[in-house]
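Reader: Could you walk me through this model, and tell me what stands behind the words you use for it?
Author: Gladly; here it is.
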Amino acid sequence: MDKEYVGFAALPNQLHRKSVKKGFDFTLMVAGESGLGKSTLINSLFLTNLYEDRQIPEASARLTQTLTIERRGVEIEEGGIKVKLTVVDTPGFGDSVDCSDCWLPVVHFIEEQFEQYLRDESGLNRKNIQDSRVHCCLYFISPFGRGLRPLDVAFLRAVHEKVNIIPVIGKADALMPKETQALKQKIREQLKEEEINIYQFPECDSDEDEDFKRQDAEMKESIPFAVVGSCEVVRDGGPRPVRGRHYSWGTVEVENPHHCDFLNLRRMLVQTHLQDLKEVTHDLLYEGYRARCLQSLARPGARDRASRSKLSRQSATEIPLPMLPLADTEKLIREKDEELRRMQEMLEKMQAQMQLSQAQGEQSDAL
Amino acid sequence: MDPLRHSPSPSSSRASSPRTLSCERLGYVGIEAVLDQLKIKAMKMGFEFNIMVVGQSGLGKSTMVNTLFKSKIWKSTMPGLRVPMPQTLQLHSVTHVIEENGVKLKLTVTDTPGFGDQINNDKCWDPILGYINEQYERYLQEEILITRQRHIPDTRVHCCIYFVPPTGHCLRPLDLEFLQRLCRAVNVVPVIARADSLTIEEREAFRHRIQDDLKTHSIEVYPQKSFDEDVNDKILNSKIRERIPFAVVGADREHMVNGRCVLGRKMKWGIIEVENMAHCEFPLLRDLLIRSHLQDLKDITHNVHYENYRIIRLKESHALPQGPGWVNLAPAPPPAPTGTRASPGPAKMCRWAEDNSDEDF
C-alpha cells in the first residue's frame with residue numbers, strides 16, 4: 001500500500017526558487033521636510049551609500065527651489081536573493097515659505113506610475129512588465145513639532161488612498177523617552193481624527209506562538225516608528241563597535257531597541273512585510289485607481305460590475321481599452337457626448353415646435 | 001551700505017563739545033565714588049529687560065526662557081499635550097520681576113506661537129514687526145508729551161532670539177526672509193535650537209553654513225559689526241561673532257550627575273547637561289544676554305533702532321519738534337510718490353535727541 005503522499009508539500013519550495021530566480025523589485029518613497037534624516041536612514045536601512053553624491057543646496061538656491069522628484073536605484077544581494085530597490089526622494093518638500101499644494105507633484109508622480117502599469121497591463125507584451133509603482137511611502141514627521149503639522153496632514157490626506165504610508169519620527173534621538181511616548185500618542189490620535197489610512201499590518205495568525213504574537217503587538221504599538229539613522233561605526237570602548245551617533249554625553253546605538261525603533265522598522269519593512277506591501281499596493285491601491293480610471297472613461301450611464309452581470313458578454317467588449325493616452329480618449333468621448341446632447345436638444349425643439357403648430361392648427365380649425 | 005544702519009556710538013554723543021584736555025591731578029578727589037552712586041541708584045530703580053522669542057512650535061522656546069532666568073516664566077508644554085495650534089500668529093507677553101542679590105529685574109518675555117507652523121507662511125513676520133514698531137511708537141508718544149513721566153516705561157523689545165531648527169543643512173527660506181526684515185528693526189540673536197540632535201562636527205558645519213548664508217544676504221545679527229566702538233569691543237565681539245549662532249539646549253528639570261544637581265535632559269544613553277560647555281553652548285547665550293551684554297542690548301535698541309524709527313516717523317509727518325510744543329505725529333496725507341520715504345539726508349544721520357542718556361539714570 002502506498003502512503004497517501006501526493007507531493008505538493010514541495011510547492012512552497014518551487015515558489016521560493018522561482019522568486020529567487022526572478023528577484024524582487026521594490027520602490028520606496030521617502031517624504032518629509034528637509035533635515036529630518038531621511039537620506040541617512042535609507043543608507044542605514046539598506047547599508048548602502050545611495051546618497052553619497054548628494055549636494056545640499058545652499059540657502060540662496062533654496063529660495064527658488066521647487067519640488068522635484070528624484071529616483072535612485074540600487075541592487076542589493078543577500079543570501080542569493082536579489083532585490084532591485086528604487087528610492088524616490090522629494091527634495092524641496094515643505095521648504096518654501098509658501099507650501100500650498102506642494103504635494104501635488106508627488107500625487108501626480110504616484111498616479112503616473114499607476115497609469116504606466118495600467119497601460120502595460122492592457123498592452124500586448126505582458127511578460128516583462130516593469131513595476132515602477134510606489135509600494136511604500138515613509139513619511140518623516142519632525143520630532144520637534146507637537147504632533148502632525150498642517151502640512152503633514154495635507155500631504156497624508158492627499159496620498160493615503162494611493163500609497164502605503166508608514167509614518168516615521170525622524171531624528172528621534174532628540175527626544176526623551178516620555179516625550180517620545182507622548183508624541184507617538186498624539187500622532188496616532190491625529191491620524192484617527194483626520195481619518196488618514198496608514199498601512200495596516202496584517203493580524204498574525206492565531207496559531208503563531210506567543211513570542212511572535214507579543215513581538216508583533218509590540219511592533220504595532222510603536223507606530224509611528226521613532227528612528228535614528230547612522231552609517232558610522234562608533235568604537236567607544238564598549239564590548240564591540242556599534243553603528244551609532246557619538247555625542248559628548250553618550251552614544252546612541254542605532255540597533256539598540258531601547259534607544260530607537262530602527263530594528264522594528266527594518267524588520268517590518270524588509271524582513272517580514274516587503275511582499276505584503278507589494279500585494280496591498282497591487283490588490284488594493286492599484287485596483288482602486290484602475291476602477292476609478294476606467295469608470296471615468298466609460299460613458300455616462302456606464303456599466304459597472306453590478307449591471308455587467310446582467311448584460312454579460314456584450315458589455316465586456318464595450319469597455320474601451322486605453323490605447324490612447326487617457327486624456328485624449330476622455331476628450332474624444334466628451335466631444336461625442338456633447339454632439340449627441342446638442343442633437344437631442346435640437347430634436348426636442350423641433351418636436352415642440354411641431355406640437356405647437358399642430359395645436360394652433362387645431363385651434364384655428366375649431367374656431 | 002544702508003545709511004539707516006550707521007550711527008555713532010553712544011559714548012561719542014557729545015557731538016558739540018570741544019576737545020577735552022586732560023589735566024594733572026594733584027591729589028585724590030573722589031570722582032570714582034560716582035560709580036557707587038550710580039550703582040545705588042540702579043539697585044533702587046531696578047532694570048527692565050524685554051525679550052522676544054521667535055521660532056516654530058516645539059523648538060524649546062519656553063523651556064529656554066525658563067532655563068535662562070532659572071524660573072518658571074512659562075509653563076513649558078510636552079509634545080502631544082492638548083495645546084491647540086493657533087491658526088494665525090498671536091503674540092503673547094508675560095512680565096515677571098526677578099530678584100537676585102538685591103538687584104531687581106523686570107523681565108518681559110513675548111512669545112510668538114504659530115510662527116512658521118502653517119502651510120502658507122507668507123508674511124507671517126508682519127505681526128511681529130507690527131508689535132515691535134508699536135512699542136517704539138508707544139515710547140515715542142510718551143517722549144514727546146509736554147509733561148513727561150520721570151521714567152518712561154520701556155516696553156521696547158531689546159532682544160529677539162530667533163530659534164533655527166537643527167536641520168543640519170542651511171537656513172531655510174523662511175529663516176532668511178524673517179532675519180532680513182527683523183535685523184533692521186531690532187537686535188536679533190539667532191540660536192540653533194534643540195542642538196542635542198546634532199553631533200559636535202555637525203554643529204560646526206551647520207554653524208559655518210549659517211554664517212555664510214548670513215554674510216551672503218547681508219544680515220547683521222547682534223552683536224553688529226558696525227556698532228563696535230573701540231578695539232576692546234571689537235575683540236570681545238569678534239569672539240562672540242565667531243560662535244554665533246550658539247547651539248543651545250534648554251531644560252528645566254534637575255538630575256543628579258556625579259553627585260551634583262544639574263539642569264539637564266535625561267536620555268537612555270546619557271544626560272545632557274545644559275550648563276556644560278562640552279555638551280552645548282547655553283552658557284555662552286546666557287552670558288551674552290544677561291551677564292555681559294544686557295545693557296549694551298538696551299543701549300543699541302535705544303540709540304540705534306529706536307532712533308531710526310523715530311526719524312522715519314518724523315519724516316513721515318513732515319514736522320520736527322519745535323521747542324516745548326507738543327507735536328502732532330498723525331501721519332501726513334500721502335506724500336508725492338517720489339521717495340520721501342528714502343533714507344534721511346546726511347544732516348539728519350548724526351542728529352541726536354537731546355536726552356538720549358536719561359535711560360541710565
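Author: Let us begin with a term: a cavity is a set of grid points where a 1.4 Å probe fits but cannot get out, and its volume is the space filled by probe spheres set on those points. In this predicted model, the largest cavity holds about 160 Å³ of space.

Reader: How many cavities of 30 Å³ or more are there in the whole structure?
Author: The search finds 4 of them.

Reader: What makes a residue part of the lining of the largest cavity, and which residues lie nearest its centre?
Author: A lining residue has an atom within 4 Å of a cavity point. For the largest cavity, 16 residues pass that test. Nearest the centre lie E33(A) and G94(A) from chain A, together with Q56(B), G116(B) and N121(B) from chain B.

Reader: How does that lining divide into nonpolar, polar and charged residues?
Author: The lining has 5 nonpolar, 6 polar and 5 charged residues. Gly counts as polar here, so G94(A) and G116(B), both in the lining, belong with the polar ones.

Reader: Let us turn to the strands. What makes β8(A) and β9(A) a pair?
Author: Two strands pair if there are at least two bridges between them. Strand β8 of chain A, residues 242–247, has 4 bridges with β9(A), so the two count as paired, in the antiparallel sense. In β9(A), E253(A) is the residue that stands opposite G244(A).

Reader: Which sheet do they belong to?
Author: They are part of an open sheet of 3 strands in chain A, in the order β7-β8-β9, with antiparallel pairing.

Reader: Why are β7 and β9 of chain A said to stand at the edges?
Author: Each of them, β7 (233–234) and β9 (250–253), has a single partner strand, so one side of each is left without a neighbour in the sheet.

Reader: What makes a residue buried, and how much of each chain is buried?
Author: The cut-off is under 20% relative accessible area. By that test, 42% of the 367 residues in chain A are buried; for the 361 residues of chain B the share is 49%.

Conventions
Residues are numbered from 1 along each chain as its sequence is written. Chains are lettered from A and ligands numbered from 1 in the order in which they are written. This is a predicted model: local features need pLDDT of at least 70, side-chain atom pairs count only at pLDDT 80 or more; totals for chains, interfaces and linings use all residues. Side-chain values use heavy atoms; hydrogens and water are left out. On a 1 Å grid over the protein atoms alone, a cavity is a set of points where a 1.4 Å probe fits but cannot get out, and a pocket is an open set with protein on both sides within 12 Å along at least five of seven lines; lining residues have an atom within 4 Å of a point. Buried means under 20% relative accessible area, exposed over 50%, partly exposed in between (1.4 Å probe, protein chains only).
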